Every structure is written in C-alpha cells, then in structure tokens.
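Biologist: Before we discuss this model, I would like each term set against its cut-off. Please take the strand pairings, then the sheets, then the cores.

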Amino acid sequence: MATALDQVTTQLSSSEKVYSPLITFESFDLPSSNQRILGPPHAENAVIPLALRPSFTGHTVPDLDAVIESVRCLQQQGDILTKKLAIHGSLLFRGLPIHDAHDFSRFVHAFGYKTDEIIGIVVDRPLLAPNVAPANESPKEVLIYNHNESPQVPHAPEYVFFYGHRVPDKGGESPISSSLELFHRAQQEIPEFINDLAEKGILSRVTYKFDKQYAGGSTLRQAFGKEIKDGDDEATKRAKIEAQIARYGRGKYTTWEWIDDGIVLTHRLPAIRTQPGSGLPTLFTGLAAYYKNAQVNKAVGRNVTQQLFGDGTPIPEEYLARLAKITDEIRVLHKWQRGDVLVFDNIIAQHGREPWEGEQSDRVIMASLFDGDQVPGAYIEEDWAQVVQALEA
C-alpha cells in the first residue's frame, strides 16, 4: 500500500545538515527557476533538487579524498544520501573539488552502487573514465525534453549522475521534475489515460541500424555488439546480437525483426511502476519527450523510437500534450555552474537538456549510470508489467 514518503525514509528536513566525521553537507536555497517545493505525494516542504554543499569556515576548498570518504561514511550509516534521493528525487552537489572525468568517477563510485550496463544504448557514449561518458552529444540545437533514463527499453539504471565540466553562458539548462508528482497530477487530470496505461502498458519499438541514424546516436554494434569480433561472419554477428537482446529477460514481451539495414525491437513495457519502499506509483516514461522532441526537432530527424499502447493502438495526441503541459508546470530548469553534480533517482525523477547558444563545445556534461538493490515494483500483476534485472553476460 502506498504511503507518504516521509514515513518510510529518513526524516531530515531540507534545512538540516548531513553530518559525517570529515565533512558536513549543508543545504542551501536556489532561485525559484532552479528549485521548487514538490507537490503531492511528496513529503511536505520537500524540494527538488535538494541542494547540498560542504559546510566549512573560511575559504578552504575541501579535499576530494575527504569528500569521497564522507560520502562513503554517510552511505555506510544507513544509506543516508540514497534516502535523501528517495524523498527529493534529485540532489545537487555544489562546491566540490571535481575538475575532470576521473575526479567525477571517484566521487560517484563512493556511493556504493553497482555499475549499470547499458543494453541497447541509443546514443553514443564513449568512455572517458571508469563508468563515465558524455551525457549526450546531440547537436546544441536539439531539445531533449523531460524523461526517465532509458524508458524505451526493459533495463534502465536506478541512479543517474551528471557533472558540469563546461557550461554555456546562455541556455543548456537541465530540466528536473518528479515522476511521482507527474503520475499524481495525471491521475487527477487525465484519469482515462492513466487507466489505459495501467491496463495496456506500452509497445516500444526501437530501430537500430548498422550506421548512426543521427549525430550523437549509436550504431547497432554499439547497442548489442559487445561480443562481436572482427572476422565474425554474418550469422555469427546476428547470433551474438540476439544473445544480448535475450539478456533483457523479457521472454515473449521482447521481440525483434531483422531489416535490410538493421533490426527493430518491440518491447511491451509498463509505463507505470512503483517506488521501492513507499509503493507509490511513478510515471516512468519518455512519452512527453517523444511528443515535444518531435515538435521541436523536426529538421533533425532523430526519432528512432515509436511508442503505442500495449495493444498496438496509437496514443491520442491530446493525452501527450496534456502530459507535457503538466510536466512544464512541475519542472525546474537547472542552471549549471562549473563543477556541479546532479544526482537523480531515476525511478522517481526525470531529466532533460535545453538547447544553448554559442559553440557545441561550450557545454560538456558527463554522465554515470548505476543500478540499485531493487528494481521498481509492478503497478498491476500482469506478467508484462513486471520489471526484472538484466541477465548476467
């Protein structure tokens, strides 16, 4: 049974400090465009994102080793930061001595999560440091609207970290919003849509091709070809790709069809899932993003995913437009400062990327993805609505 978030998680208010033996993190306020008080079903006065910075006297910059040890200590004392994420959906760390991909990698691994293996990646993410890659290398004009990470495939990370290595003067903000609040609002305002999503789920059709389909996109080999070796014949390549697809563990709810220049995968997925611990329903989706991105990015032609109701019928556009309107009303735009680290509980929070002015190289955001101890719960009991961990290679 769903319960209020503050009943099942650490009851530290956003104005309190998070103590460790080495460094204390204190919360601070951000401009209203960058931070807001969350609505139901969140705990009263919970904000998104919760902004944290090291608390110290004078102008001393904290040592990275001390920061890392402090994070480890907080996590070992009952997963304090993880519980904060479960309340707020997103944390902002500011004022940390993180200067490059390797510093960022050391920081994120201090949380103690298991590295996420991306199966069926749709964007190009070359490795920069252990479990660190560019967030997205699509052209600066491209809008990436609010979405949960990897909603189009069966396996998604639970925790997503972003690091602002280089930030533009104008634009390039990262939208932040709550999937719990999105479900709550949508259930009240478009209940017939939520009922359809619950009963039918979605069919997610994702096209992968041998060559990149757009700037910043992945190839079929990047998505599923980790075991392919130079010299493999065509039949061997196909068998290895299909073996990777089978690791989704979805049985008949993931099918595929080979086409002349690639493969099309079709997944039946639950768009409504539940948060571990609270049991609260969360709208885990990119539906509003596909709708908004298609409107704004028409000239780019980057839409490789088609999503329908689980019975194969189209999702009415008025529902998608209403979902986007609600999202606009409950999101904030994070204005990056160099060195910022944003952390998302991907089950209950959405992110995105605004276009920016200037050069492509003016914005360099890195990402790191991790799995949690638990997958999201099912909203209904049907087999297709269950979320499972990917099978080991």
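Modeller: Strand 15 (residues 272–274) and strand 22 run antiparallel and are joined by two bridges. This is a predicted model, where local features need pLDDT of at least 70, side-chain atom pairs count only at pLDDT 80 or more, and totals for chains, interfaces and linings use all residues. Residues are numbered from 1 along each chain as its sequence is written, and side-chain values use heavy atoms, with hydrogens and water left out.

Biologist: Why are strand 15 and strand 22 called a pair?

Modeller: Two strands pair if DSSP finds at least two bridges between them. Strand 15 and strand 22 have two bridges, so they meet the definition. Arg273 has Ala378 in strand 22 as its bridge partner. Strands are DSSP runs of E with at least two residues, helices are runs of H or I with at least four, and both are numbered from the N terminus.

Biologist: What makes strand 16 and strand 22 edge strands?

Modeller: The open sheet has three strands in the order 16-15-22, paired antiparallel. Strand 16 (281–283) and strand 22 (377–378) each have a single partner strand, so one side of each lacks a neighbour in the sheet.

Biologist: Which strands stand at the edges of the four-strand sheet?

Modeller: That open sheet has the order 13-14-12-17, with antiparallel pairing. Strand 13 (254–259) and strand 17 (305–309) stand at its edges, because each has a single partner strand. The twist averages 20° from one strand to the next; axes are lines fitted to C-alpha atoms, for helices over the stretch in contact, and angles run from 0 to 180 degrees between N-to-C directions.

Biologist: How do you know that strand 12 and strand 17 pair?

Modeller: Five bridges join strand 12 (residues 202–209) to strand 17, and at least two are needed. Leu203 stands opposite Leu308 in strand 17.

Biologist: What makes a set of residues a nonpolar core?

Modeller: Its members are buried Ala, Val, Leu, Ile, Met, Phe, Trp, Tyr and Cys residues joined through side-chain atoms within 4.5 Å. Buried means under 20% relative accessible area, exposed over 50%, and partly exposed in between (1.4 Å probe, protein chains only). The largest such core here has 34 residues, and Phe107 is among those with the most contacts inside it. Helix 1 gives the most to this core, with five residues.

Biologist: Which residues does Phe107 touch?

Modeller: Not counting residues up to four places away in sequence, Phe107 touches Val67, Ile68, Val71, Phe93, Leu96, Ile98 and Val341; contact means heavy atoms within 4.5 Å.
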